Amino acid sequence: MADTTWRPATARAARTSAAATRAWRVRGSAAIVAAVVLAVLIVPPLVDLDEQAVHLADKLLPPSLGHPFGTDDVGRDLLVRCVYGLRVSLLVGVVAAVVATVVGTAVGALAAACGGWVDRIVMRLVDVFASVPHLLLGIFIVAMFRPGVWPVVISVGLTHWLSTARIVRAEVLSLRSRPFVDAAISGGASRWRVTVRHLLPGVLPQAGLAAVLMVPHAIWHESALSFLGLGLPTHQASLGTLVQGARSSLLAGDWWPTLFPGLFIIVPTLAIAGLAGAWRERINPRRRSELML
């Protein structure tokens with residue numbers, strides 16, 4: 001008979017290794033997010049960025065001690081511009097995520113709390129909006145305004161609330177079948193009071209998780225709009241405008257104006273998504289996080 005006494009120990013070792021890997025991933029993500037927050041809070045007050053400055057003598061200098069990220073096509077320091085661009089992109093991402101979460105929570109809670117024909121109409125409207133690609137709808141919205149931060153925030157916020165509405169609706173429908181809700185209704189509580197006092201507090205963790213998951217998606221959306229020339233003005237530092245302005249430099253063989261803004265888009269957003277995945281596992285340990293951005 002084959003000896004199987006090693007299997008439990010091997011399984012425990014595998015679980016321990018996986019838990020250690022997840023812990024290191026969370027610590028790494030937290031360190032990156034903390035560094036990003038410190039950078040966007042500390043660097044702008046210390047270094048004033050002149051958006052219109054031109055230093056042609058320092059044009060397209062490669063990375064060095066004086067300019068760790070090199071300079072752009074008019075001689076501006078790329079490290080400072082990347083930090084300023086990250087600050088703008090984070091502002092757009094956080095505010096747009098809050099707007100989308102508030103709208104999605106209100107719509108989802110309304111549909112589930114009212115039920116019946118209200119639920120059917122609201123969810124059909126959600127399906128209609130979901131059938132239109134986010135980027136296409138976002139382009140249509142920002143095209144109606146002058147380039148700036150707030151049109152991008154409105155565009156992202158109004159195109160990314162659909163998934164939150166579905167999540168909140170499902171949670172509210174689940175909570176409606178709980179005994180404490182039946183007890184509140186039997187005690188004479190109105191539908192509004194039951195929704196505000198009992199149902200909405202129960203969906204706040206899921207809504208908060210949806211907001212955090214929305215931040216990376218909103219940053220990518222802003223970067224895409226700015227890259228297409230429909231988001232922020234081309235002279236204003238944002239991660240999308242930095243990548244868009246570096247296309248000609250990349251064709252000429254200068255890689256740093258494209259690489260570092262691209263890394264500032266990818267690394268912080270993946271770190272935020274990693275923290276959101278850890279939060280999801282804590283809320284629902286049975287489901288390992290498959291981030292649905």
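Modeller: Ile32, Leu250, Trp255, Leu259, Leu263, Ile266, Val267 and Leu270 together make a nonpolar surface patch of about 680 Å². A patch here is made of residues with over 30% relative accessible area and no salt bridge, with like charges joined within 9 Å and nonpolar side chains (Val, Leu, Ile, Met, Phe, Trp, Tyr) within 5 Å. A salt bridge, in turn, is a side-chain nitrogen of Lys or Arg within 4 Å of a carboxyl oxygen of Asp or Glu. Areas come from the Shrake-Rupley method with a 1.4 Å probe, and for residues only the protein chains shown count as cover.

Keep in mind that this is a predicted model: local features need pLDDT of at least 70, side-chain atom pairs count only at pLDDT 80 or more, and totals for chains, interfaces and linings use all residues. Residues are numbered from 1 along each chain as its sequence is written, and side-chain values use heavy atoms, with hydrogens and water left out.

Helix α11 (residues 256-283) brings the largest share of the patch, 5 residues. Helices (H or I, at least four residues) and strands (E, at least two) are DSSP runs, numbered from the N terminus. Leu270 sits in α11 and counts as exposed, because its relative accessibility is 52%; the cut-offs are under 20% for buried, over 50% for exposed and partly exposed in between, with a 1.4 Å probe and protein chains only.

The UniProt record, an unreviewed entry, puts a "transmembrane region" on 259-279, and also on 30-47, 88-113, 125-143, 149-168 and 199-220. UniProt positions are in the numbering used here, feature names are shortened, and annotations may be inferred rather than shown by experiment. In the model, residues 259-279 are 100% helix and 0% strand, with end C-alpha atoms 30 Å apart.

Now for a covered spot: Ser29, in helix α1 (residues 6-46), is buried, with a relative accessible area of 8%. Leaving out residues up to four places away in sequence, Ser29 touches Ala271, Gly274 and Leu275, where contact means heavy atoms within 4.5 Å.

α11 also has a part in the inside story. The largest nonpolar core has 31 residues, and Leu86, Leu90, Trp161 and Phe264 touch the most other members. Such a core is a set of buried Ala, Val, Leu, Ile, Met, Phe, Trp, Tyr and Cys residues joined through side-chain atoms within 4.5 Å. At least two residues of this core come from each of α1, α2 (78-114), α3 (116-130), α6 (162-176), α8 (191-227), α9 (239-245) and α11. The top giver is α2, with 9 residues. Trp161, setting aside neighbours within four places in sequence, is in contact with Ala100, Val103, Gly104, Val107, Val126 and Phe129. Apart from that core lies another, of 11 residues, including Val88, Ala96, Val156 and Ala218.

Val156 is also one of the buried residues of α5, a helix (residues 149-159) that is mostly covered, with 8 of its 11 residues buried.

Stepping back, the chain has 11 helices and 0 strands. Of its 293 residues, 40% count as buried. The chain exposes about 16000 Å², and carbon and sulfur atoms supply 67% of that.
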